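Here are my notes on this one, point by point. Have the model open while you read.

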Amino acid sequence: QVQLEESGGGLVLAGGSLRLSCAASGRTFRNYGMGWFRQALGKEREFVAGISGSGTITYYSASVKGRFTISRDNAKNTVDLQMNSLKPEDTGVYYCAADLTSRWYGTATDYEYWGQGTQVTVSS
């Protein structure tokens, strides 16, 4: 089983930055593909960024590419999402997710384990 916990959310001004972290409890964390998703009010949960188990492959949604960076530290069992140049439309609950097939991209249904989410609010 995999337990995930996100942290680092908060309220920032447009143009600001936040760094989200996800801590995982799984023994075989290095085998898990990890993803970040977000869900805004009234919208479906959407893919933001993904990273393969080894960390060698990353993928970003078009809306965040160039602004967000996903990274992982398998020695610490953590995955981070550095978010720069934040926009009001980035507002939402951000979720960390794990997939046992080590994927670097997918829909929400492709990921088996989820954290509780952390709120990110970007004011205009």
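1. Let's start with tyrosine 59, which lies in strand β6 (residues 58–60); strands here are DSSP runs (E, at least two residues), numbered from the N terminus. Tyrosine 59 counts as partly exposed because its relative accessibility is 41% (buried is under 20% relative accessible area, exposed over 50%, partly exposed in between, with a 1.4 Å probe and protein chains only).

2. A word on the source: this is a predicted model, where local features need pLDDT of at least 70 and side-chain atom pairs count only at pLDDT 80 or more, while totals for chains, interfaces and linings use all residues. Residues are numbered from 1 along each chain as its sequence is written, and side-chain values use heavy atoms, with hydrogens and water left out.

3. Tyr59 also turns up in a nonpolar surface patch of about 390 Å², together with Ile57, Trp104 and Tyr105. Patch members have over 30% relative accessible area and no salt bridge, and nonpolar side chains (Val, Leu, Ile, Met, Phe, Trp, Tyr) are joined within 5 Å, like charges within 9 Å. A salt bridge would be a side-chain nitrogen of Lys or Arg within 4 Å of a carboxyl oxygen of Asp or Glu. The areas are Shrake-Rupley values with a 1.4 Å probe, and for residues only the protein chains shown count as cover.

4. Now look at β9 (residues 92–99), where 7 of the 8 residues are buried. β9 pairs antiparallel with β4 (residues 33–39) over 7 bridges (pairing takes at least two DSSP bridges between two strands), and glycine 33 sits opposite aspartate 99 there. With β11 (residues 118–123), β9 has 3 antiparallel bridges, and glycine 92 is partnered by valine 120. A further antiparallel pairing, over 2 bridges, links β9 to β10 (residues 113–114); here alanine 97 partners tryptophan 114.

5. Which cysteines does the disulfide join? Cysteine 22 and cysteine 96, S to S 2.0 Å (the cut-off is a pair of cysteine sulfur atoms within 2.5 Å). Since cysteine 22 lies in β3 (residues 18–24) and cysteine 96 in β9, the pair ties together parts that are 74 residues apart in sequence.

6. β7 and β8 (residues 78–83) share 6 antiparallel bridges, with serine 71 partnered by aspartate 80 in β8.

Methods: Helix = DSSP H or I, 4+ residues; strand = E, 2+ residues; numbered from the N terminus.
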